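I am opening my notebook for a walk through one protein model. I will take one part at a time and jot down what I find.

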Amino acid sequence: MRLYPTRGAAQSGRQSVSFSEAVLNPAADFGGLYAPKTTPKLGDLSALKELSYRNLSKTILKLFEVDLDEKTIDEALSTYDRFDDPSNPAPLVCVSERLFVMELWRGPTRAFKDMALQPFGAILSSLAAKRGEKYLILAATSGDTGPATLETFANRADTEVVCIYPDGGTSETQKLQMISQEATNLKVIAIKGDFDDAQSALKTLLSSESFNEKIKASARKLSAANSVNFGRILFQIIYHIRGYLELLKRGEIKEGEAIDIIVPSGNFGNALGAYYARKMGVNIAKIIIASNDNNILTDLIATGRYDLTKRKLIATSSPAMDILKSSNVERILFDLFGEQRTRSLMEDLAQKGAFRLEAAELDLLQNVFEAAWSNEKEVFSAIAQNAQSGYMIDPHTATCLKAARLGESRVKVICSTAEWTKFAPTILNAIERKIYGDKEALLELSKRFDIAIYPSILNLFAKKPIAPKPIAPNEIEGEIISWLAKR
Ligand SMILES: *Cc1c(COP(=O)(O)O)cnc(C)c1O
């Protein structure tokens, strides 16, 4: 497989890269990303529906012609052994007539990030070992990426992770997930500030000459585990294909019948996976983009205008979707309109804070996507309603319920992105308008609805890990360098 720079290549730049090159070095020329120009076709779907998740994944990786050897692919896919049901890591649950929920959070950290980061960790570590290189991986997190990145790289050879989180900016559960990690190749840093500060600190570090020199001098390479790495996207295509095959197999849909997929979106990685699955031949009529109050994607899909200028980030109960610069939208622009147009739209966004699609372009976008957003009141009422009927959903998944009533009466699949255990206080608050602490809320919900708490989440509250003392963003570099020196 070849991947191309979404804003074109500089004259001396890389015109295209292999899959593994894009994994190790995800930044493309002119600030762009890497994306495929064509996707392989799946062909006869009924031939695929009996395959196990692992064999289906292998078939898809082969179709993409990824430059990984058999052993690395096996290692990557064996990370799904850590999911509740290795043969079915993302089960489909029927919640009402013709409405299904795909539970993407059945991995070790109970958020959908595990679906891609678990195999990704195995791949990056194996590529590093093969090249005889050592990688320092930086991650900034608002809550789910941090725990999932630490978990996937814990004790992996030739990789070290530094994870930066905003002090007070994550839930107690998410913070405990990070600071209770004991592997010696992991380092967690709390900073004074919010997620934006953490993210810009990370960008500053990645581009800092002095930092890069020190890392080089320590014989390491620098990388980032953010959601724009194509190595993560690839694994987010597979479960969308599998979901459709599962519906076929269970007789919920007929051969050739079209479905809709509803995705609670932030950086658009999950939705992009559905887009590629559709291109590969899965009968997806519409991909419905669900948002919270930060509904910039709803506007884009309704009007063709992406406008940051009149917006400020709003903190909501679904923090993983509190995003205004949705990175993977760029890959859709590239796929629909090509590199030159993508570059000019992204330049507009950088210079004027907005871009606007032509009417014909908007038609192409609307051909694939619909959008709907939910305010906090709607999110809370969706959580409460579902809880009463015995199915617990987290606030991110809850943004999808309104979207599920959109459009034609096709079978719909909601992508559920976190387990209720990660957002227990919000859920209890939605049900009875009272504020609880994380542990209290977990135990109360478990008792009231007679549902088990995932053991490693419950165990977090038994350990008494010491949180790092928050530091200022300009102290991060020194902190990392002195940690590396001591290793
Ligand atoms: C990351 C995340 C999202 C957003 O996914 P994108 O691929 O960035 O659109 C939604 N919900 C949860 C719980 C997440 O962790």
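Before I list any residues, I note that buried means under 20% relative accessible area. I also remind myself that this is a predicted model.

**Entry 1: helix H5**

I started with helix H5, residues 145-153, and asked how many of its nine residues are buried. I found eight, so I call this helix mostly covered, by the under 20% cut-off. The buried ones in H5 are Thr145, Gly146, Pro147, Ala148, Thr149, Leu150, Thr152 and Phe153.

Next I looked up what these buried residues pack against. On the helix side I noted H4 (113-131), H6 (172-179) and H9 (230-249). On the strand side I noted E6 (135-140), E7 (159-166) and E8 (186-191). Just after H5 I stopped at asparagine 155, which takes a positive phi of about 60 degrees.

**Entry 2: the sheet with E6**

Several of those strands came up again here. I traced an open sheet of four strands in the order E8-E7-E6-E9, with parallel pairing. Which strands stand at its edges? They are E8 and E9 (221-224); each has a single partner strand, so one side of each is left without a neighbour in the sheet. On average, neighbouring strands of this sheet are turned by 20 degrees against each other, if direction is ignored.

I then zoomed in on one pair. E6 and E9 run parallel and are joined by four bridges. In that pairing, isoleucine 137 has serine 223 of E9 as its bridge partner.

**Entry 3: helices H7 and H8**

Two helices belong with this sheet in my notes. H7 lies across E6, E7, E8 and E9, and runs at about 155 degrees to E6. H8 packs on the sheet too, touching E6 and E9, and its direction makes about 120 degrees with that of E9.

How do H7 and H8 meet each other? The axes of H7 (residues 195-207) and H8 (residues 209-217) come within 5 Å and cross at roughly 65 degrees. From H7, the contact uses Leu205, Leu206 and Ser207. From H8, it uses Glu209, Phe211 and Asn212. Sorted by class, I wrote down three nonpolar, two polar and one charged residues for this contact.

**Entry 4: strand E11**

Is strand E11 enclosed or open to the outside? Eight of the eight residues of E11 (residues 284-291) are buried, so this strand is largely enclosed by the rest of the structure.

I checked its partners next. E10 (residues 259-264) runs parallel to E11, joined to it by six bridges. E14 (residues 369-373) also runs parallel to E11, with five bridges between them.

My last stop was an open sheet of three strands, in the order E2-E1-E3, with antiparallel pairing. Its edge strands are E2 (17-18) and E3 (34-35), and each pairs on one side only. E1 (residues 2-5) pairs with E3 over two bridges, in the antiparallel sense. Which residue of E3 is the bridge partner of proline 5? I found tyrosine 34 there.

Terms used
Residues numbered from 1 in each chain as written. Predicted model: local features only at pLDDT ≥ 70, side-chain atom pairs only at ≥ 80, totals over all residues. Heavy atoms only, no water. Buried < 20%, exposed > 50% of the residue type's maximum accessible area, 1.4 Å probe, protein only. Contact = heavy atoms within 4.5 Å. Pairing = 2+ DSSP bridges. Axes fitted to C-alpha atoms, helices over the stretch in contact; angles between N-to-C directions. Nonpolar A, V, L, I, M, F, W, Y, C, P; charged D, E, K, R; others polar.
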